[in-house]
Amino acid sequence: MKLIVDSGSTKADWIAIDDNGKVLFTTQTLGLNPEILDGPEIIARLNDRFDILQNKKNASHLFFYGAGCGTDRMKEALKLIFQEYFTNAIVDVQEDTYAAVYATTPKGEEAIVSILGTGSNCSYFDGKVLHQKVQSLGYIVMDDCSGNVFGKELIRKYYFNKMPKELALELEKEYDVDPDFIKNKLYKEPNPNAYLATFAKFLIKHKDTEFCRKIIFKGMKSFVKNYIKQFDNCKEVPVHFVGSIAFYLKDELQETFDKYELKLGNVLRRPIDGLIAYHVANQ
């Protein structure tokens, strides 16, 4: 049994397949970002799902693609945790960008592949090797155009009284905006980036308002300039996206790309289904 995992900071999608690619079970855990979580918390999240707990000795391979796995240190740390848990499995840990690459470039064609979800990332795939120009420093200082950055912007606008009154009232109905509650979520509880990203749903819901459109296009402009345009051939190859922010704001992405004369390629909400075909073909 092979386990394939696509993990962001908010959630992780799990699929178990046999050697023929038949799906044995699917499940979902909370995100397993090693930059944010320690070993005991990661184990607790695994144990919280019965299918994973019950089959941990049956797994022969674990292919894990995750946010926070961009450095060798983080990959090795997570690999050790998984090897102790899935005792009979060969464990392979890669950053989440590889999941996006394998899902959006089924024929191995060159492209720029980006992630816009809770966090953000961007790489160039030459058909064989992944190249990055920007090393992520995490959600506090980077992650342009991501869910957590959009969430932070909404909270700031609300507390600086820059949000239109009607939208502020809607925000108060949908979220607990008590300052003590927010500060506890941000500074005392795990996954503050995932908490911030929950506000992105509000932005998407009201994306046709002038206020939200300005925030959205400011974020997309920043992502294009700081990430995509790092690559000299960005106008020559398609730019694929994976992630909920890209998926639900696809029209806005197209509008932004038209302005910068870029080619918008595949836009997937999640790459997990494409990973099945990849691993069956490359086993």
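Which residues in helix α6 (residues 165–174) are buried? They are Leu 167, Ala 168 and Leu 171, where buried means under 20% relative accessible area, exposed over 50% and partly exposed in between, with a 1.4 Å probe and protein chains only. Seen down the axis of α6, these buried residues fall within an arc of 105°, so they line one face of the helix; the arc is that of the directions from the helix axis to the C-beta atoms. Lys 165, Glu 166 and Lys 173 are exposed on the other side of α6. The cover over the buried residues includes α5, α9 (200–205) and α10, contact being heavy atoms within 4.5 Å.

Before I go on, this is a predicted model: local features need pLDDT of at least 70, side-chain atom pairs count only at pLDDT 80 or more, and totals for chains, interfaces and linings use all residues. Residues are numbered from 1 along each chain as its sequence is written, and side-chain values use heavy atoms, without hydrogens and water. Helices (H or I, at least four residues) and strands (E, at least two) are DSSP runs, numbered from the N terminus.

Now the loops. Most residues other than glycine have a negative phi. Asp 143, in the loop between β8 (130–131) and α5, has a positive phi, near 60°. Asp 143 is buried, with a relative accessible area of 6%. Asn 191 sits in the loop between α7 (179–187) and α8 (192–197), and its phi is also positive, near 60°. Asn 191 counts as buried at 9% relative accessibility.
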